[in-house]
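The sequence and coordinates come first.

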Amino acid sequence: MSTFQPVRGMRDLLPEEAETLNYVVGKARETASLYGFKEVITPIVEPYELLGAKSGEEIRARIFKFKDLGDRTVALRPEFTASIARLVTTALKNEPKPLRTFSVGSVYRYDEPQKGRYREFWQANFELMGSNKPEADAEVILLTNSMMKNVGLSNYALKLGHVGVLRGILSREGVDDKTQNAVLQRMDKKEYDEALALVSSDKCRSILQALIELKSENVFDTVEKMEVLVQGYEKATAAVENLGAILKLVTESGCEIKTVDPAFARGLEYYTGMIFEVYVPELNIALGGGGRYDRLVEVFGGEPTPAVGVAHGLDRIALAMQTQNTVLKTAQKKRVVVIPIKEEQKSEALKIAQMLRDSGISVEFEIMGRKMAKSLEDADKRKVDYAVIVGERELKEGKVVVKDLRKREQAEVSVSGLVEKIKA
Ligand code: HAM
């Protein structure tokens, strides 16, 4: 019989990979706490209608959707934003605004598997509800910057745009919402010719073309040139101004924005304002992305609630850290094995193991019934720091033998002084 493998696009994370992912999760939690975001935990399975409602064709087509045994059409969440918007219209409805939520966990998309692209992956998600001010947008960008810095990545770059610019032009030229979504989908994939082909107005096409081709020296210059290009388009002009205000706040607070891309669009349909992504030069996939979505809560039946948020792709961050040889800054805990020499010392040895664990020391107990030499050899191979050997003779004097497996020294130590000796 052949052996089982994980489902295509899904992975097992082995101890080292799990350690790195957990490290990144820890950094995301720290970042959330630094910026005042409170964690909420929502279900992985949600009503399909909720997840499909405003995510956009691109994600909708990739949702893992199925009927549960009660004949409900449900789905595995492809992101967190819809779940948080649901919460804001229900359990968190009466919470004072601004509301800052943080979530972390696995999400599911039927993407084509490749490097950094999986069907089950992890996101850290931050949503800031209740403010339409540029400082709210700035906060979400700044926390992304902090997260990248805190995990130890270097040379990461932030890319900024604003969907209000493209939508402002398209609506003024009478392009309906559905076609607008289709245009933005193509733009997101950099299929500019296909995007332009969907627009019938010559004037509209030529402005879009100019935005796509706009190049400049620096990001502020880009915004100025965008302002000139969209002159006469009220909504697009307001969007460019808003983009400029966010850029100024973020830059002046010390965070560099590498690019402002006037033709930047993202796969999700619910964005109404600023959008951004973060990259490292070694990988050509985004490590995180987000933006402003002022109408989603209303679509879900809630009060009109301006909102902005971001999701960080934790598997991709871990991959970037591996590519850049980033060192995990964790306090290395000492590891100990406790080995009873004979059957008669087992209970006493377990008691000693428990005493060490109660003091926060990590202990592996010899459970294979091996002879001491074999057990020590194994501990050595697995890079354990100390072996505590519990023998009859030493026990009678209230002592054990402690072997320092790194220094290759050994000493008799009183049981009462054992914790201190190992922690030293
Ligand atoms: P998103 O851009 O679809 O945004 O996903 C965010 C991040 O998840 C991406 O930048 C990427 O790092 C990671 N990601 C996406 N697909 C995959 C995949 N197949 N494999 C591995 N990683 C992947 C959102 O999900 C929005 N909910 C973000 C947001 C929150 N906007 C407002 N609030």
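Which residue in β6 does T101 stand opposite? T101 stands opposite E127. This is a predicted model: local features need pLDDT of at least 70, side-chain atom pairs count only at pLDDT 80 or more, and totals for chains, interfaces and linings use all residues. Residues are numbered from 1 along each chain as its sequence is written, and side-chain values use heavy atoms, with hydrogens and water left out.

Start with the strands around that position. Helices (H or I, at least four residues) and strands (E, at least two) are DSSP runs, numbered from the N terminus. Two strands pair if DSSP finds at least two bridges between them. β5 and β6 are joined by 10 bridges in the antiparallel sense. β6 also pairs with β11, again antiparallel, over 7 bridges. There L128 faces V308 of β11. Strands of a sheet pair through backbone hydrogen bonds, either parallel or antiparallel. β6 is mostly covered, with 8 of its 10 residues buried. Buried means under 20% relative accessible area, exposed over 50%, and partly exposed in between (1.4 Å probe, protein chains only).

Move along to H312, which lies in strand β11, residues 307-313. H312 has a relative accessible area of 0%, so it is buried. What is H312 in contact with, leaving aside its neighbours within four places in sequence? Its partners include W122, Q123, A124 and F126, and also L143, T144, M147 and M148. Contact means heavy atoms within 4.5 Å.

α1 covers residues 15-34, 20 residues in total. From first C-alpha to last, α1 reaches 28 Å, close to the expected 28 Å. That expected span is 1.5 Å times one less than the number of residues. Among the buried residues of α1 are L21, Y23, V24, V25 and A28. The buried residues of α1 pack against β5 (99-108), β6 (120-129), α5 (134-150) and α13 (314-323). Just after α1, G36 takes a positive phi of about 80°.

Next come the rings. Rings of Phe, Tyr and Trp (its six-membered ring) pair if their centres lie within 6.5 Å; planes under 30 degrees apart count as stacked, over 60 as edge-to-face and the rest as tilted. By this rule there are 5 aromatic pairs. Why is the pair of F37 and F126 edge-to-face? Their centres are 5.7 Å apart and their planes stand at 80°, so the pair is edge-to-face. F37 sits in the loop between α1 and β1 (38-39), F126 in strand β6, 89 residues apart. Both F37 and F126 are buried. Y270 and Y271 also form an edge-to-face pair, 4.9 Å centre to centre with 70° between the planes. Y270 is buried at 5% relative accessibility, and Y271 is buried at 6%. F37, F102 and F126 form one aromatic cluster.

Turn to another sheet. It is open, has 3 strands in the order β2-β4-β3, and its pairing is antiparallel. β2 (45-47) and β3 (65-67) stand at the edges with a single partner strand each, so one side of each has no neighbour in the sheet. β3 joins β4 (residues 73-76) through 3 bridges. K67 stands opposite T73 in β4.

Last, the cysteines. The structure holds 0 disulfides (pairs of cysteine sulfur atoms within 2.5 Å). C204 is buried at a relative accessible area of 0%. C255 counts as buried at 2% relative accessibility.
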